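This report is meant for a reader who meets the structure for the first time.

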Amino acid sequence: MKGEIKFSLVYRDMWQSSGKYVPRVDQLVEVAPAIIDMGCFDRVETNGGAFEQVNLLFGENPNVAVRKWTAPFHKAGIQTHMLERGLNALRMNPVPADVRELMFKVKKKQGTDIARSFCGLNDHRNLKLSVEYAKKGGMISQVALSITNSPVHTVEYYMGIVDKVVEYGADEICLKDMAGIGRPNFLAQLTSQIKKKYPHIKVQYHGHTGPGFSPASMLEVARAGADYLDVAVEPLSWGKVHPDVITIREMMKADGFKVKDLNMDAYMEVRRLTQKFIDDFLGYWINPSNAKMSSLLVGCGLPGGMMGSMMADLKGFQGAINATERAHGRPEMSLDTLMVKLFQEVEYVWPRLGYPPLVTPFSQYVKNTALMNLLNTLNGKPRWTTIDKDTWGMILGKMGKLPGELAPEIVELAKEKGLEFYTGDPQDPYPDELPKFRQMMKEEGWDEGEDQEELFEFAMHERQYRDYRSGIAKQRFNTELEDLKKKAGAPITVVRPVVEMPEFDVKEYADRYPHAVPLQAPAKGKLMWEYDVVDNSAAPIAGTAVKAGEPAGYVQTAYGMEEIIPAVDGRIVAVLGKQGKEVVKGEIVAFVEK
């Protein structure tokens, strides 16, 4: 008999890889006893990553959610762990060191045992403070290696990172195979090297199932000495998320590993409750394609968790691209054709941008650049015409060192734009900010909260926290849910306020912004808003910001108000038609400034 292999349930990741929201805290507390009764889990991933922001988007307090969600597992003796992004902590952009330090203190007090820390670029400098702060806060420090498959991502490359983070004091290593494209034999070699050099270090494997390698990878890393495997439960297992615990447990048992018993009655209860949460409201945001595996992901290496947002982007671009195709006498493209073209462009872009591991936020940067390249080349423009500022930050080294070399044309383009490359510590440009946020909380009359958890949340997610405190987030969520239920034919439970319709002159704006990117009307109707991201006083909800895939405005239709979703970050600067003019679905109704 081989040694014991232990399982960790990634219930949080199951949801966030499949949709925009997670269950509410009352639902999470409801399912916790059944997860515990399954009896096969030593760990549960409960929070981190986007979990905080998702709760704020609900209009709920994430601090309350974390405390209530982790409590039953602690009582049962099951460890809980969170995911954080190193320099970016729990958001998509760099976080000051004092806010990062407070995060670990707060999360430990809230009941989180293990801090899983990763850097999307695998830059050990971004992980040093995570290790030190996690241990200082009383947490187990688990460093996650962002796994991918490229000529530069060798076993030697990853062992160099392991050596550094072990030196910093890391207790465990996670192989974070976020796209599931790590080859099984490679992962086994890496696991073996880690266990051979550092036998006291626990190794945990986290692999998504999208391209299909993960069951084989799990078997190979277990044989090589891994201690924990991340798994999921129906109805959100397989697809582009994680393998199901039943299959993996049986596979390990058949191979001679010792595994804990699995209570199938409890499994079915978790399954039932999870489906209940989906039927309640979460299913309205889940893209059906996330339930399917796809070998197409092997080549592009994109993580399955971002497929939903990527398909939304492609739908946003499809009308504009097909308008160009028609203008040039070419046949229109289906969504599947566009998807394949995007995957091919990602394969072209990725090595030229230095092989950043395709994980948040760098997967989005590579995908966005590929998407804009695709749009520009179809319009007869050269590649690299449009690169957003965040991607430039990655290119210039402001977020860490890229694993590979930049292509000469990218370096030359940076020089042409007068941009300078940065080689210093990525943390240095971001001074401490807690005193500033503490003062702002005093001015607002807000309490810093138990263990300063409200101060932390405000400093980490200022805009979303303000929206939560004002009630705007709850209003926005209810409005969005109402719209989706309406489209699905479900009863309407929230009444939308009546708003006044402004007038617009399309020619005036089109002349003013000749390089704008067109958007499409989602349905026949009349445009109700001009939405300016820079000065968003005209926003449907004041104080919100527009990003790709987020609502930018509304169209009044016979069925109610329909959202306008920009395909790229920017601002809507024009609309087609004046007040009262009906807009046919598919007709250009707005422009987003590049």
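About 280 Å³ of space lies in the second largest pocket of this chain, and the model in which that pocket is found is a predicted one. The pocket has a lining of 15 residues, and those nearest its centre are Ile-395, Gly-397, Lys-401, Leu-402 and Phe-421. Sorted by class, the lining of this second largest pocket consists of seven nonpolar, five polar and three charged residues.

Rolling a probe the size of a water molecule over the atoms shows where empty space is left. Two cavities of 30 Å³ or more are counted, and the largest cavity holds about 50 Å³ of space. Its lining is made up of Arg-85, Leu-87, Asn-88, Phe-118, Cys-119, Gly-120, Asn-126, Thr-360, Pro-361, Phe-362 and Met-399.

| Space | Volume | Lining by class |
|---|---|---|
| Second largest pocket | about 280 Å³ | seven nonpolar, five polar, three charged residues |
| Largest cavity | about 50 Å³ | six nonpolar, four polar, one charged residues |

Asn-126 belongs to helix H6, which covers residues 124–136. Leaving aside residues up to four places away in sequence, Asn-126 touches Gly-86, Leu-87, Arg-100, Cys-119, Met-399, Gly-400 and Pro-426.

Two packed helices are described by the angle between their axes and the distance between the axes. Helix H4, which runs over residues 62–76, packs with helix H19, residues 453–460, at an angle of about 125 degrees, and their axes are 10 Å apart. This angle makes H4 oblique to H19. On the H4 side the contact is made by Pro-62, Asn-63 and Arg-67, and on the H19 side by Glu-453, Glu-454 and Glu-457. The residues of this contact of H4 with H19 comprise one nonpolar, one polar and four charged.

For the chain as a whole, 22 helices and 14 strands are found, and 57% of its 594 residues are buried. Of the contacts in the chain with a separation of 6 or more, 75% are between residues 24 or more positions apart.

Terms used:
Residues are numbered from 1 along each chain as its sequence is written. This is a predicted model: local features need pLDDT of at least 70, side-chain atom pairs count only at pLDDT 80 or more; totals for chains, interfaces and linings use all residues. Side-chain values use heavy atoms; hydrogens and water are left out. Axes are lines fitted to C-alpha atoms, for helices over the stretch in contact, and angles run from 0 to 180 degrees between N-to-C directions. Helices (H or I, at least four residues) and strands (E, at least two) are DSSP runs, numbered from the N terminus. Angles under 35 degrees count as roughly parallel, over 145 as roughly antiparallel, 65 to 115 as roughly perpendicular and the rest as oblique. Contact means heavy atoms within 4.5 Å. Ala, Val, Leu, Ile, Met, Phe, Trp, Tyr, Cys and Pro count as nonpolar, Asp, Glu, Lys and Arg as charged, and the others, Gly among them, as polar. On a 1 Å grid over the protein atoms alone, a cavity is a set of points where a 1.4 Å probe fits but cannot get out, and a pocket is an open set with protein on both sides within 12 Å along at least five of seven lines; lining residues have an atom within 4 Å of a point. Grid points are joined across faces, edges and corners, and a volume is the space filled by probe spheres set on the points. Buried means under 20% relative accessible area, exposed over 50%, partly exposed in between (1.4 Å probe, protein chains only).
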